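Here are some exercises to work through with the model open beside you. Try each task before you read its solution.

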Amino acid sequence: MNQSHQLFERDRCCLIVIDVQQYFLDKLPAELRSPLVARIAWLMRVARSLAIPIIATAEDIANDGPLVSELADELAPGSTVHDKMVFGLAGQASIVDAVTETGRDQFVLVGMETDVCVAHSAIGLLTLGHRVAVIDDATASPPPHHDYGIARVRGAGAVITSVKGIYYEWVRDLATMHTTRSHMSTTLPPGLTL
């Protein structure tokens with residue numbers, strides 16, 4: 001069976017949060033900013049509840065600022081936010097080392113900007129032989145560039161799905177779904193229905 005048609009397995013996945021910094025958020029229409037951050041934060045909570053590792057990056061922290069606090073707060077204590085000095089994370093040895101250390105081969109990408117850092121990172125991970133999903137409603141670039149980025153990574157072989165879609169691929173059954181929901185707030189992020 002073609003691997004691109006298989007569901008993503010939570011015990012093979014790693015969530016990668018790319019460059020969600022105020023510098024990049026400020027480029028988006030105001031009404032898109034908070035819902036995007038809320039969906040990414042919620043997916044990070046899901047990942048943590050399912051023991052899915054999370055790698056976070058922030059581009060050129062000295063100039064562009066840190067990962068936004070709403071997402072930094074969702075990381076496990078002692079987690080590193082990688083100071084990414086390249087657009088595609090596969091071009092920075094320290095981040096590739098972190099990817100390898102997870103022992104995972106399926107990577108779920110969220111963050112900014114879809115047409116640059118998310119696209120370059122997805123393509124780099126694909127080139128390294130990994131399976132990649134890009135979450136359409138948890139990635140962003142100023143319009144119309146988000147759509148260009150999604151088209152680019154789809155053409156490169158990444159799976160395009162949604163927060164809801166990857167959630168159900170990760171939980172897979174009712175018992176896991178109920179256990180996961182019991183560890184999380186009952187409030188869903190704006191625009192998300194399960």
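Let's start at the end of a helix: just after H5, Gly103 takes a positive phi of about 75°. Helices here are DSSP runs of H or I with at least four residues, strands are runs of E with at least two, and both are numbered from the N terminus. This is a predicted model, in which local features need pLDDT of at least 70 and side-chain atom pairs count only at pLDDT 80 or more, while totals for chains, interfaces and linings use all residues. Residues are numbered from 1 along each chain as its sequence is written, and side-chain values use heavy atoms, leaving out hydrogens and water.

**Exercise 1.** Find which residues of helix H5 (residues 93-102) are buried, and work out how they are arranged around its axis.

*Solution.*
- Step 1: Ile95, Ala98 and Val99 are the buried ones. Buried means under 20% relative accessible area, exposed over 50%, and partly exposed in between, with a 1.4 Å probe and protein chains only.
- Step 2: Looking down the H5 axis, these buried residues fall within an arc of 100°, so they line one face of the helix. The arc is taken from the directions that run from the helix axis to the C-beta atoms.
- Step 3: On the other side of H5, the exposed residues are Ala93, Thr100 and Glu101.
- Step 4: The cover over the buried residues of H5 includes strands E1 (13-18), E2 (54-59), E3 (81-84) and E4 (106-112), and helix H6 (114-127). Contact means heavy atoms within 4.5 Å.

**Exercise 2.** Describe how H6 packs with helix H7 (residues 145-156).

*Solution.*
- Step 1: The two helices pack at an angle of about 10°, and their axes are 9 Å apart.
- Step 2: That makes H6 roughly parallel to H7, a label for angles under 35 degrees.
- Step 3: Residues making the contact include Ala119, Ile123 and Leu126 of H6 and Ile150 and Val153 of H7.
- Step 4: By class, the contact of H6 with H7 has seven nonpolar, four polar and two charged residues.

**Exercise 3.** In the largest nonpolar core, identify the residues that touch the most other members.

*Solution.*
- Step 1: This core has 41 residues, of which Leu15, Val17, Val20, Ile40, Leu71, Val108 and Trp170 touch the most other members.
- Step 2: Its largest share, nine residues, comes from H2.
- Step 3: Leaving aside neighbours within four places in sequence, Leu71 is in contact with Val17, Val20, Val37, Ile40, Ala41 and Met44.

Note on methods:
Axes are lines fitted to C-alpha atoms, for helices over the stretch in contact, and angles run from 0 to 180 degrees between N-to-C directions. Angles under 35 degrees count as roughly parallel, over 145 as roughly antiparallel, 65 to 115 as roughly perpendicular and the rest as oblique. Ala, Val, Leu, Ile, Met, Phe, Trp, Tyr, Cys and Pro count as nonpolar, Asp, Glu, Lys and Arg as charged, and the others, Gly among them, as polar. A nonpolar core is a set of buried Ala, Val, Leu, Ile, Met, Phe, Trp, Tyr and Cys residues joined through side-chain atoms within 4.5 Å.
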